[in-house]
Amino acid sequence: MNNFETIQIETDLLILGGGMAACGAAFEAAHWAKQHNMRVTLVDKAAMERSGAVAMGLSAINLYLGLKNGKNTVEDYVNYVKTDLMGIARDDLVANIARHVDSSVHLFEKWGLPIWKDDEGNYVNEGRWQIMIHGESYKNIVSEAAKNALKELGNNGQYIERVFITEPIMNGDRCVGAAGFSVRENKFYIFKAKAVLDVMGGAVHVFRPRSVGEGLGRSWYPPFNSGASAYFTLKSGAEMTCQEVRFVPVRFKDSYGPVGAWFLLFKAKATNAKGEDYMVTRASELEKWAPYGTAKPTPANLRNYLMMLEVEAGNGPIYMKTDDAIKEIVANIPDEKEAKRKLKELESEAWEDFLDMTISQALNWAAHNISPEEMPSEIAACEPYFISSHSGASGAWISGPEDLAPADKFWGYPNMTTVKGLFAAGDASGASSHKFSSGSFTEGRIAAKSALAFCSDNPDPVVVGDAHIEELKQRILQPLVTFEEHKDYANDADVNPNFIKPRMFMFRLQKIMDEYAGGTSVGFKTSKALLEKGLEFLQYMKEDAEKLAASDLNELMRCWENVHRMWQAESHIRTILFREETRWPGYYFRTDFPEMKEEWKCFANCKWDPETGTWEMLKREIEEI
Ligand code: SFD
Ligand code: AMP
């Protein structure tokens, strides 16, 4: 530990993360910081060029309203999001993002992102809210603009890559910075800031993945996002919302390729093995979940649910009828030459959809001799993830904008959590689903502007005592010490009675979550008895977390990633337990409370108290605007 240099950095706004929300934050912050001579520092655990969920690229921008064309209104979008989330969403937050998102998309295009255009020069819509892009380099383009904006601040702007943020730094009830370490060099970092923006994405590998053994690590959500956002806000004592609302995407089986383009652009159907369209044959099930179940489009969790009923009935495999969809489009073209040209075009678009964002799915097709125009492909429900910017909703409970938020949902600074000086956006903020890449970038912009206003109003320098810094350093680097102390006891580095390695710790966490909290192996079902047992096992894990051991910096990161996941897991179990109903079948199902209840048409929030170490569960009202 003595050979770790301690580096202290002072700034005004500290942006934690380098993903879509962080890039939006950096871009916007640079504009305001220049005018007010303020300092902005961004810290990413990876390299911004390819970090976060957009690392591999994307083939669509899922949130674009086209307000200028008068096609959609902000209100339409709020209604869509709320229905998709079975009535649970913050109107004020969703509307705030929706009214600003188009301008962010126009910036992406200006920076060089190729967006599909039709013959009249209009964007090509995938669905009502989604537009198609040639997006393999989406993240490179957006991060370059963010970095350039920070560079323009000269000494007042910096981005630091490959530093893993571990812990919040508190001064009483205010968040004043963060501690972390380099994943490449023996350097321990202390960031002191007037305002902190938590944008470290969502969480994967909390639940046991379907891919094990040689496929381990292949998941829909990127393996790098490991619950740091939720851990950071929880440990600061911030109130959290929708921690029960996980996302279970349906994807092409085993390689997790996207389905949106197939369903929306190509109008493909999914069927059971007998060729039955379960959205039709099981339509009556949707009435049980009215008014959401009977709305159009059917909420994502209910689309999943009908498919899961087929699997349970033994009617799998489930197929995406790529072949039928392509044939139908081509069949409507009378001219033979034109039909042939169209077929080639569709084939190319189908492959690009994967190559733009999930390259392994294209490899999977190639490996299994799949020609999408000739045969269908299997689809399946993935394991659960935490991603509030997509169709999940878990994250910090934040202040809305003054002009839209009801009185109890505005506390001075938009996007500030219930902890002073701590802001959240993207996957880190909750109850504003379907923001996606463009909305997360936009929310980052909103949050950064607000956080700089907080810095202006709280200009005094931040103080963090030396003893506090030393305590943080000891605690964060402890896994390296534990390993050094005990490594010679056993001849297998993974099996040692004196410590637990992060990989083993992760397997244990995933087994608990899978079996007790409704993972894939139990068909996404759980109950009070199962959840309470899972919670008991998590308490033992918390004790064992003190014995995590790391042989190098990479493992030190893995140790803390799994501690972060464990906190995400605990808040998830506690909130599922609290909400005594089933509201999102297809994401999870409470067998002891199998129905949706009017009394639970509210937010289920939770809060961990840093003073007492106890959890509080709260109901918060849903207000229509
Ligand atoms: O359709 C630390 N998303 C899609 N959005 C679209 O607009 N179109 C699509 O086509 C999309 N598809 C999609 C999407 C997501 C995924 C996983 C797939 C496919 C496979 C959603 C967007 O990607 C998503 O909404 C945004 O990326 C969210 O932005 P943000 O900023 O909240 O999260 P991030 O971009 O993942 O960035 C997180 C950053 O945090 C860093 N980080 N840094 C320091 N210390 C730590 N401890 C940290 N932990 C994490 C990360 O490195 C990263 O920089 S579709 O198929 O669904
Ligand atoms: P996905 O590839 O599933 O992430 O979908 C991309 C976008 O299309 C998201 O906005 C989804 O909500 C939407 N979407 C996907 N499938 C459907 C469907 N069958 N009906 C309506 N919307 C869908």
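This is a predicted model: local features need pLDDT of at least 70, side-chain atom pairs count only at pLDDT 80 or more; totals for chains, interfaces and linings use all residues.
## Two helix pairs

The crossing of helix 5 past helix 17 is left-handed.

Helix 10 (residues 322-331) and helix 11 (residues 336-357) make another pair, with axes that come within 9 Å and cross at roughly 150°. Angles over 145 degrees count as roughly antiparallel, so helix 10 is roughly antiparallel to helix 11. Here the crossing is right-handed.

## Around ligand 1

Let's turn to the ligands. Ligand 1 is surrounded by 37 residues, and Asp44, Ala60, Ser389, His390 and Ser437 are the closest of them. An N or O atom in the side chain of aspartate 44 is 2.7 Å from an oxygen atom of ligand 1, and an N or O atom in the side chain of asparagine 225 is 2.8 Å from an oxygen atom of the ligand. Lysine 45 takes part through its backbone, with an N or O atom 3.1 Å from a nitrogen atom of ligand 1. The protein buries 97% of the 1,100 Å² that ligand 1 exposes when taken alone.

Which elements give two or more residues to the shell around ligand 1? They are helix 1 (20-36), strand 3 (58-61), strand 6 (163-171) and helix 13 (436-457). By class, the shell holds 20 nonpolar, 13 polar and four charged residues.

## Around ligand 2

Ligand 2 has 13 residues around it, and Gln130, Arg251, Gly260, Leu264 and His390 come nearest. A polar atom in the side chain of histidine 390 lies 3.1 Å from an oxygen atom of ligand 2. Glycine 260 places a backbone N or O atom 2.8 Å from an oxygen atom of ligand 2, while the side chain of arginine 303 has an N or O atom 3.4 Å from a nitrogen atom of the ligand. On its own, ligand 2 has 470 Å² of accessible area, and the protein covers 88% of it.

Which helix gives the most to the shell around ligand 2? Helix 6 (residues 260-265) does, with three residues. In this shell, six residues are nonpolar, five are polar and two are charged.

## Backbone details in the loops

If you are checking backbone geometry, two cis peptide bonds deserve a look. One joins lysine 296 and proline 297, with omega about -5°; proline 297 sits in the loop between helix 8 (283-286) and helix 9 (300-312). Another joins glycine 316 and proline 317, where omega is also about -5°. Proline 317 belongs to the loop between helix 9 and strand 12 (318-320).

Where do we find positive phi in residues other than glycine? Aspartate 254 has a phi of about 75° and is placed in the loop between strand 10 (250-252) and helix 6. Asparagine 369, with phi near 55°, lies in the loop between helix 12 (359-367) and strand 13 (377-381).

Definitions and conventions
Residues are numbered from 1 along each chain as its sequence is written. Chains are lettered from A and ligands numbered from 1 in the order in which they are written. Side-chain values use heavy atoms; hydrogens and water are left out. A residue is near a molecule or strand if one of its heavy atoms lies within 4 Å of it. A polar contact is a pair of N or O atoms within 3.5 Å; within protein, one must be able to donate a hydrogen and the other to accept it, and residues adjacent in sequence count only if both atoms are side-chain atoms. Accessible areas come from the Shrake-Rupley method with a 1.4 Å probe; for residues, only the protein chains shown count as cover. Helices (H or I, at least four residues) and strands (E, at least two) are DSSP runs, numbered from the N terminus. Ala, Val, Leu, Ile, Met, Phe, Trp, Tyr, Cys and Pro count as nonpolar, Asp, Glu, Lys and Arg as charged, and the others, Gly among them, as polar. Axes are lines fitted to C-alpha atoms, for helices over the stretch in contact, and angles run from 0 to 180 degrees between N-to-C directions. Angles under 35 degrees count as roughly parallel, over 145 as roughly antiparallel, 65 to 115 as roughly perpendicular and the rest as oblique. A crossing is left-handed if the near helix is turned anticlockwise from the far one by less than a right angle, and right-handed if clockwise.
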